[in-house]
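Please open the structure in your viewer and keep the selection panel at hand.

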Amino acid sequence: MSDTRLVSIAFFLAFLFGVLAPLFTGGGEAGDNMQAGSGEGNALRQIIYVSLFATILWGIRAHEQLRRLVDIPPELRIVLLYCWLSLAWSIAPGVAVRRLALTTLVILIIGLAVRHLGSLRALLVARYVLLLVLAANFVAVIFFPAIGIHQAGTVVDPGLAGGWRGVFPEKNGTGAACAITVILYVLSPEPMSRKLRIGAALAGLVFLWGTGSKTSLGVMMIALASGWLFRLYRPSYWPVALALLLVAIILAVPFIDYYWDDLLSPLRREDTLTGRAQIWPVIGAYVADHWWVGAGYGSFWNVGDQSPVLLYAKAESWVTKIASAHNGYLDVAAQIGVPGLALMVICLILYPLAKIFSQPNLPRGMGSLLLALLLFCVGHNFTESSILDRDSFVQLIIILTLSLLYNYTAREPQQ
């Protein structure tokens, strides 16, 4: 078996397992299970990722050239280094090391595989995985509706009832996967059958609508529109665009000031954003008190009796029984502090955006796709937590996007 085929298979399995990880991690560290945990890991999950990492290392011949071990986007290396540094002040270093090791493994697996395979081949594998998962979702809804559709009697939140979840434990995870599927097929820079492109995109859109995931649907539409606008982008448009943006800000400021209380009033209701209005003040209070360093990577939620949320939320509150803030930026600030959040935003969002708009070697079609993927991940993290979160699906997409971009800024080895 050729090295490229071996890496392709390992990447396919890693991406598939990452997409479906919630199915195999329902205990201990499942993304957002509704039970407080002690941070115990999942042995099967760890064994699978270590095996896939070893396979990719063999496939890229890392033993022949050790430099290949770290041939991933430098911005990911910087953020990872800061996260490892945060273990020095972590309130639960044992749990944190295990969680950060998994995050590091996933970043290396995706980053090294994309670097070796090249952008187009890596995108092809990712599209096949998501198309396979989408087909499985339809099978679950059509033939096993008791499993594929949230039932009123089996969910904590009544608003979930009737939402299509497919093979996922919860509809919001399904929604994100469907949205990314639509983006990958609509904006794919590769030539492909029009029937396949339209069929896959429509199927993804239909299932996304069935999930009722408003965040994924809304952010996907913004991401797609931004991707299409990028294809029309010319450097000469910058002065006009900046002038229009300045005018919009000037007009918006007095409007926001006048209606400030009305704009904030929905966030003060307990039923707003499915309980997020109750979660955010709790974690926000912790960040205000520990803004410089935070609790350390992976040390805020589900670390047993040491969990800071137990001190900041009422003992009987359901907030103490969840596993994320449903806001990636708040979660990052609570873990590695406001300086760590600023570093993450610069390295994983602002710097890549600047490269997308300024990199001369980046084809316009690929640039529009990367912009859409990055904007979806940025928007999705305002109501869900995934950024820097181990093998969370949207975190996989962030790594994939930065790795694809890196191929065009550090000379792509092959297509």
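A residue is called buried when its relative accessible area is under 20%, exposed when over 50%, and partly exposed in between, using a 1.4 Å probe and protein chains only. This is a predicted model, in which local features need pLDDT of at least 70 and side-chain atom pairs count only at pLDDT 80 or more, while totals for chains, interfaces and linings use all residues. Residues are numbered from 1 along each chain as its sequence is written, and side-chain values use heavy atoms, with hydrogens and water left out.

**Stop 1: helix 15**

Select residues 328-358, which form helix 15. Helices (H or I, at least four residues) are DSSP runs numbered from the N terminus. The end C-alpha atoms of this 31-residue helix are only 27 Å apart, short of the 45 Å that a straight helix would reach at 1.5 Å a residue; that expected span is 1.5 Å times one less than the number of residues.

Where does helix 15 bend? The bend, of about 125°, is at Ile 336, and Pro 339 follows within four residues. The angle is taken between axes fitted to the seven residues ending at a position and the seven starting there.

Lys 355 counts as buried because its relative accessibility is 8%. Leaving aside residues up to four places away in sequence, Lys 355 touches Glu 75, Leu 405 and Thr 409, where contact means heavy atoms within 4.5 Å.

**Stop 2: the largest nonpolar core**

A nonpolar core is a set of buried Ala, Val, Leu, Ile, Met, Phe, Trp, Tyr and Cys residues joined through side-chain atoms within 4.5 Å. The largest one has 114 residues, of which Phe 11, Phe 15, Ile 183, Phe 376 and Phe 393 touch the most other members. Helix 5 (residues 93-117) supplies the largest share of this core, 13 residues.

Centre the view on Ile 183; its contacts beyond four places in sequence include Met 220, Leu 369 and Phe 376.

**Stop 3: the loop between helices 16 and 17**

Select Leu 388, in the loop between helix 16 (364-380) and helix 17 (393-409). Its phi is near 60°, a positive value in a residue other than glycine. Most residues other than glycine have a negative phi. Arg 390 is found in the loop between helix 16 and helix 17, and its phi, near 45°, is positive. Leu 388 is buried at 6% relative accessibility, and Arg 390 is buried at 11%.

Notes:
Helix = DSSP H or I, 4+ residues; strand = E, 2+ residues; numbered from the N terminus.
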